[in-house]
Amino acid sequence: MATAFALKKPQIKTELPGPKARSIIEADSQFVNPAYPRPAFKLVAQRAAGVWVEDVDGNLFLDCNAGVAVCSTGHCHPEVVAAIQEQAAQLIHMCGTDFYYRQMPELAEKLDEIVPVARPTKTHFANSGTEAVETALKLAMHATGREKFIAFFGSFHGRTLGSLSLTSSKIAQRIGFKRQALDVVHVPYPNDYRNPFSAEDCGDGGAAQGGLNWIENRLFKTTTPAEEVAAIVIEPVQGEGGYVPSPKGFLSGLRRICDEHGILLIVDEVQSGMGRTGKMFASDHYGLKADIVCIAKGIASGLPLGACVSRADLMDWKPGAHASTFGGNPVAIAAALKTIELLERELVANSADVGAYLKSGLEKLKDKHNCIGDVRGMGMMLGVEFVTDRSSKQPDPELRDRVEMASFERGLILLGAGPNSIRWSPPLILNRENVDVALEIFDDAITSSR
Ligand SMILES: Cc1ncc(COP(=O)(O)O)c(C=O)c1O
């Protein structure tokens with residue numbers, strides 16, 4: 001095993017999926033929830049270290065997805081593993097809703113220091129992204145006494161009923177669940193590459209101005225009185241919607257609108273946070289301070305942990321209003337504290353540095369392949385959008401799917417995002433040598449897929 005991980009390149013020894021993988025996939029299809037949105041390629045993981053994943057048949061993959069942006073410090077980082085083991089030997093669970101343990105205030109205090117929310121803050125601990133978002137929604141309703149929300153098309157905030165009312169990246173997420181649980185109105189996301197607004201909406205401020213005008217001139221004057229809106233909920237870089245960063249000026253414009261109307265700004269950093277964009281939070285690229293921030297995915301290197309961090313004055317609800325049996329489990333928190341230490345020590349900087357190197361390599365591939373319409377993003381949160389040709393910008397989802405599959409067959413794990421983009425969300429330990437290997441495979445996968 002150690003030798004396998006010492007290799008510098010993926011190694012595919014069997015057909016994919018291999019024989020052992022096929023029997024696990026078969027058992028899975030018999031017993032496991034079929035609604036998991038798995039891609040066409042089938043990876044059955046056995047173990048992993050750093051940026052390398054070995055499947056059950058001994059094939060070795062270079063992972064540029066990190067379990068969907070979760071394994072921020074790489075797979076099984078030795079220091080994270082040690083922190084988990086040490087904590088597990090001392091206290092696994094106590095239920096922070098009823099009892100106390102030191103890890104909860106320790107992590108909450110650390111988050112108070114690093115999150116893009118005006119201090120002082122308070123933190124609710126959850127187990128997942130969707131629970132962090134549910135907390136934010138309840139809190140916004142409780143704190144404002146209002147119940148309308150504004151969210152964006154293409155967004156993903158989770159699949160429980162409250163967060164699902166916001167989520168709008170794919171129809172499959174909604175079919176069968178009838179009306180929205182919450183009163184949410186959606187606005188087109190100001191995507192610079194595919195500006196959804198008219199020239200009149202945009203004036204001379206581009207997509208950012210178009211989005212702000214849509215809210216102020218359209219929503220507030222027709223369906224959605226500003227004084228009834230509890231919160232605007234936004235991903236600073238849309239994740240599942242296609243890895244689309246907000247254009248300059250948009251988030252500060254939302255901040256202004258919120259301040260003018262007593263609306264709370266909820267920033268969903270579940271995918272974009274914890275160093276992914278080359279700063280600790282994507283909001284930091286924009287100098288944005290939210291009222292409430294949602295965090296999960298990369299915070300604990302793979303252990304389940306979510307956090308909803310808000311301005312302390314907003315969280316003045318009474319005991320019983322919101323709590324969770326498992327949320328903020330001591331083992332998950334130990335993993336988070338070690339993860340943050342590693343991020344601050346070196347990995348946020350590595351995400352910025354190696355992420356920029358990866359982005360410049362992807363831009364070179366864009367020059368070479370006319371089917372790449374756009375390369376975008378910051379740090380190690382990069383999107384590559386596939387089109388039939390660059391001048392028509394016609395989306396090419398089938399080509400995207402073929403590239404995803406061809407990459408896998410060559411030992412590179414990548415996942416799609418949005419209708420026709422590939423997301424690059426590698427572990428933040430990725431180095432330049434890994435990037436060179438990944439780009440060579442991606443280049444070949446594109447050539448063979450056209
Ligand atoms: C931005 C964002 N918010 C919320 C969620 C939901 O997180 P979870 O799957 O942990 O519930 C996700 C998951 O992809 C996400 O990307």
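Alanine 69 belongs to helix α3 (residues 66-69), where helices are DSSP runs of H or I of at least four residues, strands are runs of E of at least two, and both are numbered from the N terminus. The phi angle of alanine 69 is near 65°, a positive value in a residue other than glycine. Most residues other than glycine have a negative phi, and most peptide bonds are trans. The model is predicted, with local features requiring pLDDT of at least 70 and side-chain atom pairs counted only at pLDDT 80 or more, whereas totals for chains, interfaces and linings use all residues. Residues are numbered from 1 along each chain as its sequence is written, and side-chain values use heavy atoms, with hydrogens and water left out.

Cis peptide bonds were also found. Leucine 16 and proline 17 are joined by a cis peptide bond with omega of about -10°, and proline 17 sits in the loop between α1 (2-6) and α2 (19-31). Arginine 119 and proline 120 are likewise joined in cis, with omega of about 0°; proline 120 is placed in the loop between α5 (103-114) and β4 (121-126).

Helix packing was examined with axes taken as lines fitted to C-alpha atoms over the stretch in contact, and with angles running from 0 to 180 degrees between N-to-C directions. Helix α9 (residues 206-218) packs with helix α10 (residues 250-261) at an angle of about 20°, the axes being 9 Å apart. Helix α9 is therefore roughly parallel to α10 (angles under 35 degrees count as roughly parallel, over 145 as roughly antiparallel, 65 to 115 as roughly perpendicular and the rest as oblique). The axes of helix α4 (residues 78-90) and helix α12 (residues 330-368) come within 8 Å and cross at roughly 155°, which makes α4 roughly antiparallel to α12.

A polar backbone atom of glycine 129 is 2.8 Å from a ligand oxygen atom, and a backbone N or O atom of threonine 130 lies 2.9 Å from an oxygen atom of the ligand. Lysine 297 places a polar side-chain atom 3.3 Å from a ligand oxygen atom.

How values were computed
A polar contact is a pair of N or O atoms within 3.5 Å; within protein, one must be able to donate a hydrogen and the other to accept it, and residues adjacent in sequence count only if both atoms are side-chain atoms.
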